[in-house]
Amino acid sequence: METNRRILVTGGCGFIGANFVRLLLAHQPDWRVINLDKLTYAGNLQNLEGVVEGEQYRFVKADICDASAMEALFVEEQIDLVAHFAAESHVDRSITGPAAFIQTNIVGTFTLLEAARKAWLSDTWKGNDPRFLHISTDEVYGSLGDTGMFTETTPFDPRSPYSASKASSDHLVNAYLHTYDLPVLITNCSNNYGPYQFPEKLIPLVFHNSTTGKELPIYGDGKYVRDWLYVKDHCEAIVEVLIKGKIGQSYNIGGNNEKQNLEVVTLICDTLDKKIGLPVSGAPRRELITFVKDRLGHDRRYAIDASFIREQLGWEPKVTFEEGIEKTVDWYLANQDWVGSVIDGTYLKYYEKMYG
Ligand code: NAD
Ligand code: DAU
């Protein structure tokens, strides 16, 4: 089989990365996919169970901060596309332990940019037109009041160590375009949900706790707003940007799906009550909701204006929030062993520290 593209996917054993690898293997049969992942607590080989290594797919366990390994891999595999997902991604962890965020999100992105620069801008580069897509977040824009939306020109105003580290990496990516002409693109996306999301994030945490009779911790008043996007829609947008996006452009990606956290949590509870019946206590699962101490510096509202990517690339989300939650609840119900397999002692200690 001739492969016409050789894509490096960093963080392909994480939540979005694994969904993305699966999408590529199904829909881009003539691309060779090299998935590079350090396998932190958030990266699990179980997320790619059934995916077999061969001509179309290779897994490499490595750290994106390892410069010599990154440079060697670009040469060995003649990488000509990069989809850079690898990151420390959980805001709460960035508050209790920011160092790993600085290291992976900033130094790691810098290391990859250097590897790409050395490979692609050398006189000996003979491959296709290369492209480096950096996957980023809407959190770089800060927090909104009751109105307004983030556009591609909204000034950066990151407010947590996580979002500040992502904003720094976005700036570095843009600097490599302007300074070296490295062919880069950036996507800034809103909150994803769907299969394989690690159960520290709101939606899988609520699923897991409400099926095991634990309290559902809601930070502050529960009226914080996020713009939810089904993960497959996000992955499809990334493919569009990789193939058709304009070099140097940032694209905002969102679900046009603003919900308060309490609405999200009650919908999951009610969906579960309908699908599997009430718990043995006989009380609806929403009664497990418990208001807890707020997240430090908690951003009030995010909302993405995704009209630019719709107009330029013809992408828009296909899955409504109600359909997406239904699919997600069905997936977690059918894959309860998966949750058990990704939670280890380290996670349980983290949970204990966060929620008591
Ligand atoms: P995740 O935490 O589920 O996965 C991150 C992956 O990166 C894991 O597989 C982990 O092992 C790997 N990784 C971490 N450090 C590494 C290192 N030093 N070297 C190599 N691999 C390393 O994250 P996610 O939710 O899938 O997010 C993926 C990307 O998308 C991140 O860059 C995140 O900032 C961005 N993003 C996420 C969301 C969201 O809602 N989840 C929204 C917008 C943007
Ligand atoms: O907006 C994109 C971002 O979305 C991504 O860049 C991040 O990687 C991703 O983790 C996500 O960040 P959030 O902080 O918005 O997601 P999280 O699932 O942690 O929280 C969603 C909302 O729910 C937020 O307002 C905090 C609240 N929350 C979260 C948890 C874990 C609770 O009320 N209770 C909880 O236990």
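## Helix α10

In helix α10, the buried residues (under 20% relative accessible area, with a 1.4 Å probe and protein chains only) are Phe321, Gly324, Ile325, Thr328, Val329, Trp331 and Tyr332. These residues lie on the same side of α10, because they cover an arc of only 160° around the axis, the arc being that of the directions from the helix axis to the C-beta atoms. An α-helix has 3.6 residues a turn, so residues three or four places apart point the same way. The cover over the buried residues of α10 includes β7 (191-193), α6 (202-211), β9 (225-230), β11 (258-260), α8 (261-276) and α11 (336-342).

Helix α10 comprises 14 residues, 321-334, and reaches 20 Å from its first C-alpha to its last, close to the 20 Å expected at 1.5 Å a residue. The expected span is 1.5 Å times one less than the number of residues in the helix. Helices (H or I, at least four residues) and strands (E, at least two) are DSSP runs, numbered from the N terminus.

## Basis of the model

This is a predicted model, in which local features need pLDDT of at least 70 and side-chain atom pairs count only at pLDDT 80 or more, while totals for chains, interfaces and linings use all residues. Residues are numbered from 1 along each chain as its sequence is written, chains are lettered from A and ligands numbered from 1 in the order in which they are written, and side-chain values use heavy atoms, with hydrogens and water left out.

## Helix α8 and Asp273

The 16 residues of α8 should span 22 Å at 1.5 Å a residue, and the end C-alpha atoms of α8 are 23 Å apart, which agrees. Buried in α8 are Asn261, Val264, Val265, Thr266, Ile268, Cys269, Thr271, Leu272 and Asp273. They pack against α6, β8 (216-219), β9, β11, β12 (289-292) and α10. Gly277, which follows α8, has a positive phi near 85°.

Asp273, in helix α8, counts as buried because its relative accessibility is 13%. Leaving aside residues up to four places away in sequence, Asp273 is in contact (heavy atoms within 4.5 Å) with Leu278, Pro279, Pro284 and Arg285.

## Packing of α2 on α4

Helix α2 (residues 67-77) packs with helix α4 (residues 99-120) at an angle of about 35°, and their axes are 9 Å apart. The axes are lines fitted to C-alpha atoms over the stretch in contact, and angles run from 0 to 180 degrees between N-to-C directions.

On the α2 side, the contact is made by Ala67, Met70, Glu71 and Phe74; on the α4 side, by Thr111, Leu112, Ala115, Ala116, Lys118, Ala119 and Trp120. The residues of this contact divide into 8 nonpolar, 1 polar and 2 charged. Here Ala, Val, Leu, Ile, Met, Phe, Trp, Tyr, Cys and Pro count as nonpolar, Asp, Glu, Lys and Arg as charged, and the others, Gly among them, as polar.

## Asp37 in strand β2

Asp37 belongs to strand β2 (residues 31-37) and is buried, with a relative accessible area of 7%. The C-alpha atoms of Asp37 and Ala86 are separated by 7.2 Å, although these residues are 49 apart along the chain. Apart from residues up to four places away in sequence, Asp37 touches Gly11, Gly12, Cys13, Gly14, Gly43, Phe59, Val60, Lys61 and Ala62.

## Positive phi in two loops

Asp181 is not a glycine, yet has a positive phi of about 70°. Asp181 lies in the loop between α5 (161-180) and β6 (184-189) and is exposed (over 50%), with a relative accessible area of 61%.

Tyr196, in the loop between β7 and α6, likewise has a positive phi of about 70° without being a glycine. Tyr196 counts as buried, at 13% relative accessibility.
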